2 protein chains.
Amino acid sequence: MEKSFILKGNIAFSKDISHIETIENGYLVCIDGKSKGAFGAIPAEYEGLPLYDYGNSLIIPGMTDLHLHAPQYTFRGIGMDLELLQWLSTHTFPEEARYKDLEYARKAYRYFCYDLKRSFTTRACVFATLHTEATIELMDQIEDTGVIAYVGKVNMDRNGGEDLEEKDSDSSVAATLDWLKRIEGRYVNTKPILTPRFIPSCSDELMKKLGKMSDEKNLRIQSHLSENMSEVAWVGELVPDATCYANSYEIFGAMGSPDNPCIMAHCVYSDEKEMEILKKHGTYIAHCPNSNMNLTSGIAPVRKFLDQGIPVGIGTDVSAGSSMNMLRTILDTIMASKMYYRLVDTSSKPLAFEEVFYLATVSGGSYFGKVGSFEDGYEFDALVLDDSAMYSMRELSIRERIERSCYNDADCIIREKFVAGKHIFSRKQN
Amino acid sequence: MEKSFILKGNIAFSKDISHIETIENGYLVCIDGKSKGAFGAIPAEYEGLPLYDYGNSLIIPGMTDLHLHAPQYTFRGIGMDLELLQWLSTHTFPEEARYKDLEYARKAYRYFCYDLKRSFTTRACVFATLHTEATIELMDQIEDTGVIAYVGKVNMDRNGGEDLEEKDSDSSVAATLDWLKRIEGRYVNTKPILTPRFIPSCSDELMKKLGKMSDEKNLRIQSHLSENMSEVAWVGELVPDATCYANSYEIFGAMGSPDNPCIMAHCVYSDEKEMEILKKHGTYIAHCPNSNMNLTSGIAPVRKFLDQGIPVGIGTDVSAGSSMNMLRTILDTIMASKMYYRLVDTSSKPLAFEEVFYLATVSGGSYFGKVGSFEDGYEFDALVLDDSAMYSMRELSIRERIERSCYNDADCIIREKFVAGKHIFSRKQN
């Protein structure tokens, strides 16, 4: 398949945050990897392009997973009765330490990438480990999947224990520069992103140096923010001058800017003050409801983020989130917002299905540019979905079929997957 | 396969509510449909029995789905942005009304039973509709699956609208007696259960007559209790003399007894007073967390039920619950209890994985007798599970593998399924 073609099927994509546009037996035109729009009939100017007819299948935009940890994938769904800090020290840090062994990393990342390629995810922001060799191996493998990703070598120079800690801020920075140098020009699709793990893992000096590097090299930053109550209290002790957790990053010059925005995962305990900082810096919030419920962290006030105009995307947060499935994470986002409304704040209306579909596609996708829609000019990320395993006794609308697929993710099968117009996966080849 | 045999594999079952017993490469002995126990080596007295070796697969007890609605299955996962009463009137009642057409019911129930047979469920308590013919059709089909079930023709003589209402209490009772007569002696595995939908659907007279019928015929009752705030308020208006929702059933003599216990689904808003009534009558609570989150109902205080000694099982509540998958419902139960702890009451410790596994197997199973364990004397319900789609970089314990399967239900495949010693499904025959 070249990068110019037409797909036929039952099309859905967000018109805006409150509306899903659908076209039955419609046509999607992709020219040189970019969408020209969705049509009820093929426009005259595009006749003659190769046409792929997917019959009754659904075609929706690809999804952006704004936060996940590749080295945690192989132990997903284990130790989930623990809370964050205990889970990190019991399961996560000991496992990540093993990635100093490149062969181990190669094998484990092969499993991760195999599933990533077959997932609903077309764009991803990924944490690796602190190990340079293993991070490059991960980037090589992700590049091969066809999924477009930011990948970060993790920085951590404190509180990681003997086996998962860089010696000091200088060696962490040197390793980061070495990593960046070694991957220069190496990839088409895979981009580096600075990845200080979180405040407890990074000394003040390291945070400052990474903030400076971000500015000087115009490199983005991804990290964690206000996930868990014990973590928030700990950060308060570590950076006593900060007015809040986000202000800790701000003090160190590591909160990015609207032109060079950070991703902050979680924000469960972000209050009005913290939201102002996030808004000012154009920070993307990676909302990770599955993770936040699994680790008993709580539920982030997503409705408030949206009301404030803060950009929000969705993250699976593998493996505190137990699944890399974005349809399921859409469902978790809806469920969490319903419980937030019912149990915490009845003035925060639950997120409607339309809104969460938008977050998973357009809103998260915007971190990568014009991504997550089929409107004219968007990069052509598309999923062709077979939902025929779910019977219905009546004709369902496309909107209903997509909702049903999110509520029964195991019964919705990916037939084909396209990223920026490139066909990267077919069930037939599986 | 006869009903006496030995299964070999990696065995797990609840020892008590806090402990899961595991045996690697162990043996389960089934004699005439009953378990003789789980062993590290074949006891001499059982040598020579047919042995089925499932290699590295897991073998766990079958699961009891204590509450689900068969006629709702084909529209699961649709309209989930609505709350209970709106969802019933918009989606559920119009769909259930179609089951007056036997051919329609036959076709729809075929879909339901196809999936039920392939599910983790070995025992189920099922709502049909108010239609006698369709209910018998459902019972015929469930009998064929091999799953052992209570099935109820629904009673509703008010508030169902023109198309889903019995004329009055007399005609509802007459239809129920007719149904019971027609199925007498018809099934080995499928039992009738009286099924007044809930207080808003049943006049005072009808409830009283069903209560009396339950006593006289020693028939159990299943219904709904304290699911949603608007519903609870409505019941308060309908039965103004009752001290609480459960007392409404009690007033009408329809709350059962420890010898003939009811199932009450949901109990999200059951307070101490209501719990006393439940305890006194030996009522089983069908906890349906997926449903309760989907319909924004809330989260039931399961820890408190357990502390009170009230029997609790788990229900998928298809299709307010969107999936018939009991592994996933175990996960939803854990998640809901974590959110209850975090957002509502920090004195209610989250349910541990072990506890919820027990609820799904032994506790729910006890509604059917000695069911849900491999200890000596239990009916032999077993699931052989293939979890090999989930890679791991290290050896996992059986306990870890089962936890992981609940957190990633789509990646855990049923190889074989046994109910009361009868082999009812094999993936190979699928």
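Modeller: What follows goes from the sheet to the helix and then to the cores.

The model is predicted. Start with the sheet in chain B. It is open and has seven strands, in the order S3-S2-S1-S4-S17-S18-S19, with mixed pairing. Its edge strands are S3 (34-39) and S19 of chain B, and each of these pairs on one side only. From one strand to the next, the twist averages 35°.

Now the end of the sheet that holds S19(B). Strand S17 of chain B covers residues 382-386 and pairs with S18(B) in the antiparallel sense, over five bridges. There, Ala382(B) stands opposite Phe418(B) of S18(B). S18(B), residues 413-419, pairs in turn with S19(B), residues 422-426. That pairing is also antiparallel, over four bridges. Val419(B) has Lys422(B) in S19(B) as its bridge partner. Two residues lie between the strands of this hairpin, and Ala420(B) takes a positive phi near 50°. As a general point on such strands, side chains in a regular strand alternate between the two faces of the sheet.

Next, the helix. H12 of chain B, residues 353-365, packs on the sheet. It touches strand S1 (5-16), strand S2 (19-31) and strand S4 (51-61) of chain B. The direction of H12(B) makes about 120° with that of S1(B).

Check the length of H12(B). At 1.5 Å a residue, its 13 residues should span 18 Å; the end C-alpha atoms are 17 Å apart, which agrees. The helix does bend, by about 45° at Leu359(B).

How enclosed is H12(B)? Twelve of its 13 residues are buried, so the rest of the structure largely encloses it. Among the buried residues are Phe353(B), Val356(B), Phe357(B), Leu359(B) and Val362(B). The buried set also includes Glu354(B), Glu355(B), Thr361(B) and Ser363(B). Leu359(B) is therefore both the site of the bend and one of the residues counted as buried under the 20% cut-off.

Last, the nonpolar packing. In soluble globular proteins, nonpolar side chains tend to be buried together. The largest nonpolar core here has 256 residues. Phe112(A), Leu138(A), Phe112(B) and Leu138(B) touch the most other members. Leaving out residues up to four places away in sequence, Phe112(A) touches Leu68(A), Ala70(A), Tyr73(A), Leu138(A), Ile142(A) and Met324(A). A second core is separate and has 15 residues, including Ile23(A), Tyr54(A), Phe380(A) and Ala382(A).

How values were computed: Residues numbered from 1 in each chain as written. Chains lettered and ligands numbered in written order. Predicted model: local features only at pLDDT ≥ 70, side-chain atom pairs only at ≥ 80, totals over all residues. Heavy atoms only, no water. Pairing = 2+ DSSP bridges. Axes fitted to C-alpha atoms, helices over the stretch in contact; angles between N-to-C directions. Contact = heavy atoms within 4.5 Å. Expected span 1.5 Å × (residues − 1). Bend = angle between axes of the 7 residues up to and from the residue. Buried < 20%, exposed > 50% of the residue type's maximum accessible area, 1.4 Å probe, protein only. Core = buried A, V, L, I, M, F, W, Y, C linked by side-chain atoms within 4.5 Å.
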